[in-house]
Amino acid sequence: MRAFEPGGGTTTVPRTARADAPVPVQTGRSQPPAPAARVDEDRFELPPAWRRTIIPRRGGAAGPPVHAGPASVAAADEFLAPLRPGIDTLLADPHTDPRIAAAARAHLTGEPTAAGAAAVAAAASHAYGWGNIDRMRALADGWVAAHGVVFAASAVVELSGLVVDHGPYPPRGGRVRIGRHTDLSATGWSHHAHWLAVAARTRAHLAAATGADHAAAVDALAALRAGSARQRVAICFLLPTQTAWVDQECAALPATSDYAVGGLLWCAVGSLPQLDLIAEHVRTWWVIQHQSLVTTAVDGIGPAIAPRLADWFDRDYADADARQRLLDALAVLPTDEALRLQLDRLDQPRVAASVQATARRFPVRAVRLLAEAAGGPTAGARTAAELLRAHVLAHPAATAAALPALSADARRRVAAIQDAGTDPRKEMP
């Protein structure tokens with residue numbers, strides 16, 4: 001189970017090419033012409049496939065649709081029913097905080113509160129175990145359906161301050177209790193994956209909420225910021241558009257925080273300055289192993305994230321899958337910078353295929369930048385020349401649109417391909 005996939009599950013995003021697959025570069029004139037170039041190559045939008053992995057934010061790319069209605073309440077009740085014996089045992093343990101236990105019992109007997117819902121969810125997380133943690137999302141849907149999104153968001157924040165563990169008493173055997181966790185220490189976050197399944201679902205509901213409901217949630221969670229540091233980070237995760245709150249928590253993130261806390265702020269950042277504040281305290285080698293974390297950061301920060309993606313690509317700890325994940329992200333960014341960062345790495349595995357994917361999305365830009373990169377004796381320049389020839393022959397409309405912006409040398413390289421279909425490296429020094 002991967003802790004930072006939405007709902008605790010894993011999702012596969014189509015890859016550009018296998019690591020060992022040769023990059024096909026077609027050079028014949030028989031290739032059919034492509035449709036006319038896109039009018040707007042500066043528009044930033046995530047591929048539809050990415051929306052299965054994104055942890056959505058308000059104003060960002062849409063994630064999977066969320067629903068809350070009578071069936072959601074029934075599903076939450078159905079989820080909790082077989083867990084009641086385990087929940088009751090935890091609530092009855094003398095080492096469980098009595099206020100937490102009282103709130104949970106009241107909630108279960110028809111006096112709902114966000115604190116009570118959180119206490120029930122904490123006990124349910126332990127009673128449920130580590131199977132298909134996606135099922136925990138039923139609690140979020142049920143809360144929204146029965147009590148509204150403000151209640152659900154408040155319950156998630158309350159839940160972030162609870163811990164189910166063996167406590168300080170001996171022996172540290174099979175007995176557990178529900179208590180409070182108030183700091184950001186690296187001691188870990190009990191049942192973090194369970195919490196994240198509920199929290200990510202609630203964040204999706206907040207992203208889709210009406211303006212009035214979202215504003216009410218902001219007001220309600222503002223009052224909860226007086227709680228623990230962990231709860232303030234949870235609020236940032238739920239409401240990443242509250243940039244002042246995110247700024248504050250990013251600046252305060254200590255080096256002793258655990259991966260879970262850093263990951264939550266990672267999903268909240270919306271600018272490079274915020275990202276850079278937490279970067280040294282977040283294990284980027286771990287981050288880039290999770291498609292949802294890469295996708296969510298790209299959605300939050302936008303094209304400005306390109307140099308960071310390239311930097312992580314260059315790190316020794318980036319394995320083949322992580323590098324492909326980062327290339328896929330660079331390939332959707334509609335900027336010259338993002339494509340140049342790929343062209344600078346054409347001697348690396350998988351990059352040529354990524355450039356081809358970028359060129360299909362942004363054909364005019366690809367003509368311009370490939371024509372610039374195709375000159376010279378380096379291996380990267382030779383690969384760029386091959387890609388340029390295939391691209392020019394496949395995209396005559398994009399080529400015509402790019403010509404006015406080309407330098408004289410680049411224009412001659414393109415003209416050589418158009419006139420004779422020859423290798424532009426043989427036509428230009």
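# Close-up views of a predicted model

**View 1. Gln231 in helix H9.** Gln231 is a residue of helix H9, which spans residues 229–238. The model shown here and in the views below is predicted. Gln231 has a relative accessible area of 11%, so the residue counts as buried, the limit being under 20%. Setting aside neighbours within four places in sequence, Gln231 is in contact with Val157, Glu158, Ser160 and Gly161.

**View 2. Helix H9 against helix H10.** Helix H10 covers residues 243–252, and the axes of H9 and H10 lie 9 Å apart. The two helices pack at an angle of about 135°. H9 is therefore oblique to H10. The crossing of the pair is left-handed. On the H9 side, the residues that meet H10 are Arg232, Val233, Ile235 and Cys236. Their partners in H10 are Trp245, Val246 and Glu249.

**View 3. Phe237 and the largest nonpolar core.** The largest nonpolar core has 127 residues. Within this core, Trp143 and Phe237 touch the most other members. Helix H4, residues 114–128, contributes the most to the core, with ten residues. Neighbours within four places in sequence are left out of the contacts of Phe237 given here.

**View 4. The salt bridge between Arg201 and Asp141.** Side chains of opposite charge can pair when their charged atoms come close. Arg201 and Asp141 form a salt bridge in which the closest N and O atoms are 2.9 Å apart. Arg201 and Asp141 are both buried.

**View 5. The salt bridge between Arg99 and Asp97.** Arg99 and Asp97 are joined by a salt bridge, with 3.2 Å between the closest N and O atoms. Which of these two residues is buried, and which is exposed? Arg99 has a relative accessible area of 61%, so Arg99 is exposed, the limit being over 50%. Asp97 is buried, with a relative accessible area of 14%.

**View 6. The salt bridge between Arg137 and Asp134.** The side chains of Arg137 and Asp134 meet in a salt bridge, at 3.9 Å from N to O. Arg137 has a relative accessibility of 26% and counts as partly exposed. Asp134 is also partly exposed, with a relative accessible area of 21%.

**View 7. A network of salt bridges.** Four residues take part in this network: Asp42, Asp336, Arg365 and Arg368. How many salt bridges does the structure hold? The count is 16.

**View 8. Helix H15 beside helix H17.** Helix H15 is formed by residues 306–314 and helix H17 by residues 336–343. Their axes come within 9 Å and cross at roughly 15°. H15 is therefore roughly parallel to H17, because angles under 35 degrees are counted in that way. H15 passes H17 in a right-handed crossing. Ala306, Pro307 and Ala310 of H15 make the contact with Glu337, Ala338 and Leu341 of H17.

**View 9. Asp219 in helix H8.** Asp219 lies in helix H8, which runs over residues 211–224. Is Asp219 buried or exposed? With a relative accessibility of 56%, Asp219 counts as exposed. Val150 is 69 residues from Asp219 in sequence, and the C-alpha atoms of the two residues are 9.2 Å apart in space.

**View 10. Ala352 in helix H18.** Helix H18 takes in residues 351–361, and Ala352 is one of them. Ala352 is buried, with a relative accessible area of 9%. Between the C-alpha atoms of Ala352 and Thr383 there are 7.5 Å, while the two residues are 31 residues apart along the chain.

**View 11. The whole chain, for orientation.** The protein chain has 23 helices and two strands. Of its 429 residues, 54% are buried. Among contacts in the chain with a separation of 6 or more, 74% are between residues 24 or more positions apart.

Definitions and conventions
Residues are numbered from 1 along each chain as its sequence is written. This is a predicted model: local features need pLDDT of at least 70, side-chain atom pairs count only at pLDDT 80 or more; totals for chains, interfaces and linings use all residues. Side-chain values use heavy atoms; hydrogens and water are left out. A nonpolar core is a set of buried Ala, Val, Leu, Ile, Met, Phe, Trp, Tyr and Cys residues joined through side-chain atoms within 4.5 Å. Buried means under 20% relative accessible area, exposed over 50%, partly exposed in between (1.4 Å probe, protein chains only). Helices (H or I, at least four residues) and strands (E, at least two) are DSSP runs, numbered from the N terminus. Contact means heavy atoms within 4.5 Å. Axes are lines fitted to C-alpha atoms, for helices over the stretch in contact, and angles run from 0 to 180 degrees between N-to-C directions. Angles under 35 degrees count as roughly parallel, over 145 as roughly antiparallel, 65 to 115 as roughly perpendicular and the rest as oblique. A crossing is left-handed if the near helix is turned anticlockwise from the far one by less than a right angle, and right-handed if clockwise.
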